[in-house]
Amino acid sequence: MELSSDSAVASLEMSQTQGQDDGAFKSDGESYESLPPHVSVTTHMTAGAVAGVLEHSVMYPVDSVKTRMQSLQPDPNAQYRSVYEALKKIIRTEGVFRPLRGLNITMMGAGPAHALYFACYERVKHSLSDIIQRGGNSHIANGVAGSVATVLHDAVMNPAEVIKQRMQMYNSPYRGLWDCVRTITQTEGVGAFYRSYSTQLTMNIPFQAVHFITYELMQEQLNPHRRYNPGSHILSGAAAGAISAAVTTPLDVCKTLLNTQENVALNSMNISGHLTGMANTFRTVYRLGGPAAFFKGVQARVIYQMPSTAIAWSVYEFFKYFLTKQQLEQEAGSGPL
């Protein structure tokens, strides 16, 4: 996520030189994004890990609904017309904690995955911006950096996604997290955890490219001077998440089918064994439901992504600011009088 302003960096560095560290973080927020160039990788990784865990956990029940609504041949007891109806029905018939099933593995994966994601994004973004715009903001750099970071993120997160979606499905046969891991490993092999990796990348690379470019375009309109304006981060993040989620829903439907290996749907197509490959999955989805099948669950996906992306941006920005402020205060306290 695009999080720093070079014009403000100079302002912060000047404040440090003059021994006015507190002024660099004044309440009007002019230096909110004014992070010094020596901000450590640990800062980016810590802020990213916190943002990732919160992003995935706060809206997790809606993500559970999305997985079920993407089922190509759902059980009659698991057919829903809306997100609200689905949540109400799941809680009434399966228990209040059922929408949270699989949250544990999601949080275990989200922390390290987002830590790597943000650290890689910041490093690649600044390197490319120096080349393309001589340190200025570059939409190309933002998109490429987000795409490169996605490769690392998904390598960590993909196994967690497989386990999570298996546990989210209606009548999931797994007693818990470790039972799911053990059963998949014994019956399908370790490769099952990465069966959808290529589809995940095919979905997430354009998702992140559209996401970052949309966010930057929104920031240019809402916050052109890149001052402290949490509202602009939230609105820009929500818009970027909604647009990115909507346009990549067809790939998400294919990913869900690869992850869940939905037995009823595959048996109806006389597919023996396990479905593999993005091309085969696209054909299977089309044969099962036609063009409309590629947009199953789009409502839930957009509802999930809008607040999740807004949370990720605002939390990441806040923690990066907070950790950097502490670092600068420590340096000021240990410096010469």
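Hi everyone, a quick definition to start: a residue is called buried under 20% relative accessible area, exposed over 50%, and partly exposed in between, with a 1.4 Å probe and protein chains only. What you see above is a predicted model, where local features need pLDDT of at least 70, side-chain atom pairs count only at pLDDT 80 or more, and totals for chains, interfaces and linings use all residues. Residues are numbered from 1 along each chain as its sequence is written, and side-chain values use heavy atoms, leaving out hydrogens and water.

Let's begin with the salt bridges. Here that term means a side-chain nitrogen of Lys or Arg within 4 Å of a carboxyl oxygen of Asp or Glu. Searching the whole structure gives 15 of them.

Please look at D179. At 11% relative accessibility, D179 counts as buried. One of its partners is R175, with the closest N and O atoms 3.5 Å apart; R175 is exposed because its relative accessibility is 70%. D179 also forms a salt bridge with R182, at 3.7 Å between the closest N and O atoms. Both D179 and R182 sit in helix 7, residues 177–188, three residues apart, or about one turn. Helices here are DSSP runs of H or I with at least four residues, numbered from the N terminus. R182 counts as partly exposed, because its relative accessibility is 40%.

Elsewhere, salt bridges with shared partners link D63, K66, E161, K164, D252, K255 and R301 into one network. Within that, K66 pairs with D63, their closest N and O atoms being 3.8 Å apart. Are these two buried or exposed? Both K66 and D63 are buried.

Key
Helices (H or I, at least four residues) and strands (E, at least two) are DSSP runs, numbered from the N terminus.
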